[in-house]
Amino acid sequence: MIVFEKPHALTDTPLHYCPGCTHGIVHRLVAEAIDELGIEGRTIGIAPVGCSVLAYNYFNCDMIEAAHGRAPAVATGVKRAMPDNIVFAYQGDGDLASIGMCETVSTAARGENITVIFINNAIYGMTGGQMAPTSLLGQVTQTSPYGRDPKTQGYPIRVCELLATLDAPVYLERVTVNSVKNVRNAKRAIKKAFQNQVDGRGFSFIEVLSACPTNWGMTPQKALQWIDEAMIPQYPLGVFRDKEA
Amino acid sequence: MKETVLMKGNEAIAEAAILAGCRHYFGYPITPQTEVAAYMAKKMPKIGGTFLQAESEIAAINMVYGVASTGHPAMTSSSSPGISLKAEGISYLAGADLPALIVNVQRGGPGLGGIQPSQSDYFFTTRGPGHGDFHVLVFAPSSVQEMADLTGRALHLAWKYRMPAMLLADGTMGQMMEPVTLPDACNAFGDDNPWAATGTEMKRPHNIITSLDLSPENLEKQNFERFERYKKIEETECLWEEYLLDDADICIVACGITARVSRNAIVEARKQGLKVGMLRPITLWPFPKKALAAAAEHVGAFLCVEMNMGQMKEDVELAIRCKKPVALCSRVGGMIPTPDEVLEHIRKIAEGGDNA
């Protein structure tokens, strides 16, 4: 009896992510959702620039690599040309909330019928741990070596709350993957974000609070705790928009 | 007989793109090309196409990238400052070997510059507008008829060679009205694009559209392969027009509106007994180097007439290996040279006084 197997929507390519990084979990949840909805053959994914730049090697569906921050614009083009396909963008915090904020907000405001998976780990991972738009106050990074100071470096951006000011999005939820319970909840949210698109309902956005032990300078276990202790107080979990509800 | 209609240059681009089979347009307002977007906004919804006013030039070119990734023809249009913003996306299109049409109806620069016509994006465009080693096909229309004809040609060649193509018009071409005979509707793009991201339908391995390759050996190979393609294009896709060149002592080199101004000057010069002709590049990349080198064998001097500070002049000097002197008649900032100004330069060269 098979009790556990790799989702079909993931390739056999070994992931390059650091030990304790939660990208792998989220990749799996996206792939499970694609499998369960039976949409792999018509799904087109957009990979970002950042740690998950090579996501196109890991998903079995057709994949497009976008320029830094431009995934929602690329996804818009794909969806307009191929309205019957399922289109998702997978982006990190630097990509989505800094250089690509204009594309993020505008795509959400247009209510494009796509699914966006937003990995918020409060840091730029691939370039070696610089301050992100979502870095916490006081957070030490390579470019905030004395801790993020709001006087000169501003405050972290809460993207779900920001997008909740727009009329068009149908579904906005923030989840995390730092415990079995939270992983199961994240799975439910991600699947719903894809289901919405299958049903033609419009823009769905899932923010996943994620761990970056390498650049946070923590053990994987401590990093998961830090999500509870530091990230969630700044970024409360929950549903910010659900037009169905 | 085909119908001839009176059209503005920018509208001719839009209609020709639709006739050539393009159904996806993404733009952002900027003078002097906004009529392209306005035309598309009216027409595309009625023919089942996409018109989308993007949030920025950057978003527009990335939407084009998205459509191109699925194997459908797509285009965007802008003017000089907007093309600077598109440079990122153009580089990614080139790196991912995707076809697209980008229209640049040039205005004076640098910076915000002005809104009057210019040809000052010549370097920027012909050297590959963006980071990295690449080229785009560059077409320089000199009439509203050519705005229409070259739009279709640019789309189809972009498709044939899987690379971006740019229609590089000066603002004059975008704004003026002329009779134009529109081309027949066609669709040369086909549905069979095995490389495109269209969904695997669980029947094939996944397609990946990317410009990233972290292996320097592989990335070098890709660059070499791309330049092999470019070499073929240089051999086969050069377009130019010669005017009274056979017996000419002086050869004017000009494109776009300055070629038309020069034509008037040539007619006047000939009346005065001066043997002047013209070689008008229609493709700026590939540049008609061989035709210019051939002209250098029998003319005494060249005169570039440009609405920039002599950008094309450098290509002419390279093409003829500096065998003959190349003079420059130039106006910039939105100013257009007059036939009298061109004639003045011709006279100086004839008298041996303007050898640059």
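Which strand of chain B pairs with β2(A), and in which sense? The partner is β9(B), residues 208-209, and the two run parallel over two bridges. Within that pairing, I64(A) sits opposite I209(B) of β9(B). Keep in mind that this is a predicted model, so every value below is computed from predicted coordinates.

**Where the chains meet**

Let's stay with the contact between the chains for a moment. On one side there are 29 residues of chain A, and they are in contact with 33 residues of chain B. Four elements of chain A give two or more residues each to the side that touches chain B: β1 (43-47), β2 (62-65), α2 (71-81) and α4 (101-110). Of these, α2(A) gives the most, with eight residues. Sorted by class, the chain A side that touches chain B comes out as 15 nonpolar, seven polar and seven charged residues.

**Chain B as a whole**

Now for chain B itself. It carries twelve helices and 15 strands. Its C-alpha trace spans about 75 × 50 × 45 Å along the principal axes. Is that chain compact or extended for its length? A compact globule of 356 residues would have a radius of gyration near 21 Å, and chain B has 21 Å, so the value agrees with a compact globule. As for burial, 57% of the 356 residues of chain B count as buried.

Where they touch, 26 residues of domain 1 of chain B are in contact with 22 residues of domain 2 of chain B. On the domain 1 side, at least two residues each come from α5 (122-126), β6 (137-139), β7 (164-170), α7 (171-175) and α8 (216-236) of chain B. The most come from α5(B), which gives four residues. By class, this side of domain 1 of chain B has 13 nonpolar, eleven polar and two charged residues.

**The seven-stranded sheet**

Chain B also has an open sheet of seven strands with mixed pairing, in the order β3-β2-β4-β5-β7-β6-β13. At the edges are β3 (50-53) and β13 (283-285) of chain B, each pairing on one side only. From one strand to the next, the twist averages 20°.

One of the pairings here is between β2 (residues 24-27) and β4 (residues 75-78) of chain B, which run parallel over three bridges. In that pair, G27(B) has S77(B) of β4(B) as its bridge partner. Helix α1 (residues 9-19) of chain B packs on the sheet and touches β4, β5 (100-106) and β7 of chain B. The direction of α1(B) makes about 175° with that of β5(B). Another helix, α2 (residues 34-43) of chain B, lies across β2, β3, β4 and β5 of chain B and runs at about 135° to β2(B).

Most residues other than glycine have a negative phi, and most peptide bonds are trans.

| Site | Feature | Value |
|---|---|---|
| T31(B) to P32(B) | cis peptide bond | omega near 5° |
| G109(B) to P110(B) | cis peptide bond | omega about 0° |
| M202(B) | positive phi, not a glycine | phi about 60° |
| L244(B) | positive phi, not a glycine | phi about 50° |

Where do they sit? P32(B) is in the loop between β2 and α2 of chain B, and P110(B) is in the loop between β5 and α5 of chain B. M202(B) belongs to the loop between β8 (177-181) and β9 of chain B. L244(B) is in the loop between β10 (240-243) and β11 (250-253) of chain B.

Is M202(B) exposed or buried? M202(B) has 12 C-beta neighbours inside 10 Å, so it counts as exposed. L244(B) has 17 other C-beta atoms within 10 Å and is therefore partly exposed.

How values were computed
Residues numbered from 1 in each chain as written. Chains lettered and ligands numbered in written order. Predicted model: local features only at pLDDT ≥ 70, side-chain atom pairs only at ≥ 80, totals over all residues. Contact = placed C-beta atoms within 7 Å. Nonpolar A, V, L, I, M, F, W, Y, C, P; charged D, E, K, R; others polar. Pairing = 2+ DSSP bridges. Rg over C-alpha atoms; globule rule 2.2 N^0.38 Å. Buried ≥ 20, exposed ≤ 12 C-beta atoms within 10 Å, placed from the backbone. Axes fitted to C-alpha atoms, helices over the stretch in contact; angles between N-to-C directions.
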